[in-house]
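Dear colleague,

I am handing over the structure we spoke about, with the sequence alongside. Please open it first, and then read the notes that follow.

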Amino acid sequence: MYEIWLTLNILYELGLQHLPAVIGTALLWLVLMVVATARGRAGWRASLKPAIVVAVVVTAITFFITPGMTQSSFANMGYWVDWGNLFLYAAAFGAVGGALAWPVAAMMRRT
């Protein structure tokens with residue numbers, strides 16, 4: 001339980017440290033959604049599949065490059081919490097990638 005609490009504290013501190021990037025990404029997503037909606041006839045349903053593909057690709061790339069970026073390796077991860085954290089970090093970046101790709105794909109797949 002301590003490891004999970006420690007992870008949540010680390011995520012909170014990273015979020016505060018990179019708050020401008022977090023706010024900027026949220027604003028970018030909001031602008032993309034507004035533009036896609038304002039242009040009309042966006043293919044929201046048809047664009048889900050490409051957005052999910054982008055999310056999976058970003059998740060996979062993030063999963064494999066994160067240990068090297070943190071000056072660690074897969075060999076150093078001997079505890080299930082380490083693997084869970086790595087997967088959840090990668091999934092979070094994948095979700096952001098998919099969320100940003102969705103309105104772009106919707107604008108490209110007009111109905």
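Helix H1 (2–17), helix H2 (19–38), helix H3 (48–69) and helix H4 (80–108) each supply at least two residues of the lining of the largest pocket, where helices (H or I, at least four residues) and strands (E, at least two) are DSSP runs, numbered from the N terminus. Please keep in mind that this is a predicted model, in which local features need pLDDT of at least 70 and side-chain atom pairs count only at pLDDT 80 or more, while totals for chains, interfaces and linings use all residues. Residues are numbered from 1 along each chain as its sequence is written, and side-chain values use heavy atoms, with hydrogens and water left out.

The largest pocket has a volume of about 1100 Å³, and of the 34 residues that line the largest pocket, the closest to its centre are Leu11, Leu14, Asn85, Tyr89 and Phe93. A pocket here is an open set of points on a 1 Å grid over the protein atoms alone, where a 1.4 Å probe fits and protein lies on both sides within 12 Å along at least five of seven lines; a cavity is a set from which the probe cannot get out, and lining residues have an atom within 4 Å of a point. Grid points are joined across faces, edges and corners, and the volume is the space filled by probe spheres set on the points. H4 gives the most to the lining of the largest pocket, with 13 residues. By class, the lining has 22 nonpolar, eleven polar and one charged residues, with Ala, Val, Leu, Ile, Met, Phe, Trp, Tyr, Cys and Pro counted as nonpolar, Asp, Glu, Lys and Arg as charged, and the others, Gly among them, as polar.

As for the chain as a whole, there are four helices and zero strands, and read along the sequence the pattern is α-α-α-α. The chain has a radius of gyration of 17 Å, whereas a compact globule of 111 residues would have one near 13 Å; the radius is taken over C-alpha atoms, and the globule rule is 2.2 Å times the number of residues to the power 0.38. Along its principal axes the C-alpha trace spans about 50 × 25 × 25 Å. Buried residues make up 24% of the 111 residues in the chain, where buried means under 20% relative accessible area, exposed over 50%, and partly exposed in between (1.4 Å probe, protein chains only). Of the contacts with a separation of 6 or more, 77% are between residues 24 or more positions apart, a contact being heavy atoms within 4.5 Å.

Thr62 is found in helix H3 and is buried, with a relative accessible area of 11%; not counting residues up to four places away in sequence, Thr62 touches Ala90 and Phe93. Leu100 lies in helix H4 and, at 22% relative accessibility, counts as partly exposed. With the same exclusion of residues up to four places away in sequence, Leu100 touches Thr25, Leu28, Trp29 and Leu32.

Turning to the aromatic side chains, the count comes to seven aromatic pairs, under a rule by which rings of Phe, Tyr and Trp (its six-membered ring) pair if their centres lie within 6.5 Å, with planes under 30 degrees apart counted as stacked, over 60 as edge-to-face and the rest as tilted. Phe74 and Trp83 form a stacked pair, at 5.6 Å centre to centre and 0° between the planes. Phe74 is partly exposed, with a relative accessible area of 30%, and Trp83 is partly exposed as well, at 34%. Phe63, Phe64, Phe74 and Trp83 form one aromatic cluster.

Finally, two loop residues may deserve a look at the backbone. Most residues other than glycine have a negative phi. Arg41, in the loop between H2 and H3, has a positive phi of about 55° although it is not a glycine, and is exposed, with a relative accessible area of 59%. Gln71, in the loop between H3 and H4, likewise has a positive phi, near 55°, and counts as exposed at 76% relative accessibility.

With best wishes
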